[in-house]
Structures are given as structure tokens and as C-alpha cells.
Amino acid sequence: MSVTDGLHGARSGVPGRLTLGRLVAHVRAVGDGVVSTLGPEGEPQAAYLAVAVTDVGELVFDARAASRKVGNVARDGRVAVVVGGPGGTTLQVQGVADVPSGATRERCVAAYAAAFPQFVESLSDPGIVVLRVRVEWARWGDFRVSPPLLEETSGGVRA
């Protein structure tokens, strides 16, 4: 997709297509965001966290095993995540979170450790878990230009 295609989509009221490359680059450049889960009564609960991304577009963060986030995700994996904002670009994501295991966990741990080497030691703590968000819908926006440049995807992200 070219920048022109994205601008055309924004001008016509229809966002351009968000690519895997754009999503990954944005999360890696920003590195933090707000993750919202659903509490026991369906109420939103949000936390500001360090957020990494795998090469295949899964968002990754860590949390204490006893945290509300982990309990909420175990009960209902639906989440919303916002990465960025103050610099004029933002990524909004809706997806399903889980606590990965096996090779999937290793891929997620590798992505998180590469993004945040200062937190590597905490990943071996049994009281810390790694969570993954599989993207179902996302919208990236650049609000530094007029009209804003918007790109969107549903059903996950592709190259």
C-alpha cells in the first residue's frame, strides 16, 4: 500500500488497509500502551504497560500471575489495546488474549525480551506470566496530517 492509497482512503471516509509491517513497526517504535480487559461483572479494567510485538503481529506484555489482568483474560480473553497517541500516531486493537505455552510462549518471550532487555530476568519469575493478544481488528492513524491518514484491518493483519 502506498501513502497515497492511505490518504485516498482517509479522504473518502474509508480507511486504507493496515499491513502487518505498519502494525509491527508502530508497536516497536512506541513500546507502551493501555491494555483493557473485562472485569468479573463485565466492567472495563485498564492498565498502562510495556507492549512488544512478534513478527507475526501478536501483541505481548507481562503481568503478575495474581493480577486482575490475568484473571480477567482467563475468564474472558477479549481485550482492547491502544499503543501511542502523544506523538500524533495511534494504534487501536481489539483481539483475544491468552497465556501462551510451548513454542508460542517462547516466540512471545523472545519478542518481549528483544524489546525490553531490562525485564528479561523477571520473565523467569514464576509469579510473572507472558500474555499474547491475537489481533482481530486494528486501526492505525496519523493525526499529524490533515485529513488524518487512517489504515484499518479486520480478521487479523497480513503482510
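Mentor: Let us begin with strand pairing: two strands pair if DSSP finds at least two bridges between them. In this predicted model, β8 and β9 pair in the antiparallel sense over 6 bridges. One example of residues facing each other across this pairing is glycine 141, which stands opposite leucine 150 in β9.

Trainee: How many residues lie between β8 and β9 in their hairpin?

Mentor: The hairpin formed by β8 and β9 has 6 residues between the two strands. Strand β9 also pairs with β1 (residues 16-17), here in the parallel sense and over 2 bridges. In that pairing, glutamate 151 of β9 is the bridge partner of glycine 16.

Trainee: Which residues of β9 are on its covered face, and which are on its uncovered one?

Mentor: In β9 (residues 149-154), Leu149, Glu151 and Thr153 form the covered face, while Leu150, Glu152 and Ser154 form the uncovered one. Strand β2 can be read in this way too: its covered face has Gly33, Val35 and Thr37, and its uncovered face has Asp32, Val34, Ser36 and Leu38.

Trainee: With which strands does β2 pair?

Mentor: β2 pairs with β3 in the antiparallel sense over 7 bridges, and valine 35 stands opposite alanine 47 in β3. These two strands form a hairpin with 5 residues between them, and glycine 42 in the turn has a positive phi of about 85°. β2 is also joined to β6 by 4 bridges, and the two run antiparallel. In this second pairing, glycine 33 stands opposite valine 83.

Trainee: May we place these strands in the whole chain? How many helices and strands are there in the protein?

Mentor: The protein has 4 helices and 9 strands. Along the sequence, their pattern is α-β-α-β-β-β-β-α-β-β-α-β-β. A further question is how far apart in sequence the contacting residues are. Of the contacts with a separation of 6 or more, 66% are between residues 24 or more positions apart.

Trainee: How should I read a helix? Which residues of α2 are buried?

Mentor: In α2 (residues 20-30), Leu20, Leu23, Val24, His26 and Val27 are buried. They are on the same side of α2, because they cover an arc of only 165° around the axis. The elements covering them include β4 (52-53), β5 (59-64), β6 (78-84), β7 (89-98) and β8 (128-142). After α2 comes glycine 31, whose phi is positive, near 80°.

Trainee: And in α3, which residues are buried, and which exposed residues are on the face turned away from them?

Mentor: In α3 (residues 68-75), the buried residues are Lys69, Val70, Asn72 and Val73. Seen down the axis, they fall within an arc of 165°, so they line one face of the helix. The face turned away from that buried side carries the exposed residues Arg68 and Ala74. The buried residues of α3 pack against β2 (32-38), β3 (44-50), β5, β6, β7 and β8.

Trainee: What is the general idea behind a nonpolar core, and how many residues has the largest one here?

Mentor: In soluble globular proteins, nonpolar side chains tend to be buried together. Here the largest nonpolar core has 29 residues, and Leu23, Leu59, Val81 and Leu91 have the most contacts inside it. The elements giving two or more residues to this core are α2, β3, β5, α3, β6, β7 and β8. The largest share, 6 residues, comes from β8. Apart from this core lies another, of 9 residues, among them Val60, Val109, Tyr112 and Phe116.

Trainee: Let us turn to a charged residue. Is glutamate 58 buried or exposed?

Mentor: One compares the relative accessibility with the cut-off: buried means under 20%. Glutamate 58 has 7% relative accessibility and therefore counts as buried. Glutamate 58 is found in the loop between β4 and β5.

Trainee: With which side chains does the side chain of glutamate 58 make polar contacts?

Mentor: A polar contact of 2.6 Å joins the side chain of glutamate 58 to that of arginine 107. Another, of 3.0 Å, is made with the side chain of arginine 132.

Technical notes: Residues numbered from 1 in each chain as written. Predicted model: local features only at pLDDT ≥ 70, side-chain atom pairs only at ≥ 80, totals over all residues. Heavy atoms only, no water. Buried < 20%, exposed > 50% of the residue type's maximum accessible area, 1.4 Å probe, protein only. Arc of directions from axis to C-beta. Contact = heavy atoms within 4.5 Å. Core = buried A, V, L, I, M, F, W, Y, C linked by side-chain atoms within 4.5 Å. Polar contact = N/O pair within 3.5 Å; in protein donor to acceptor, adjacent residues only side chain to side chain.
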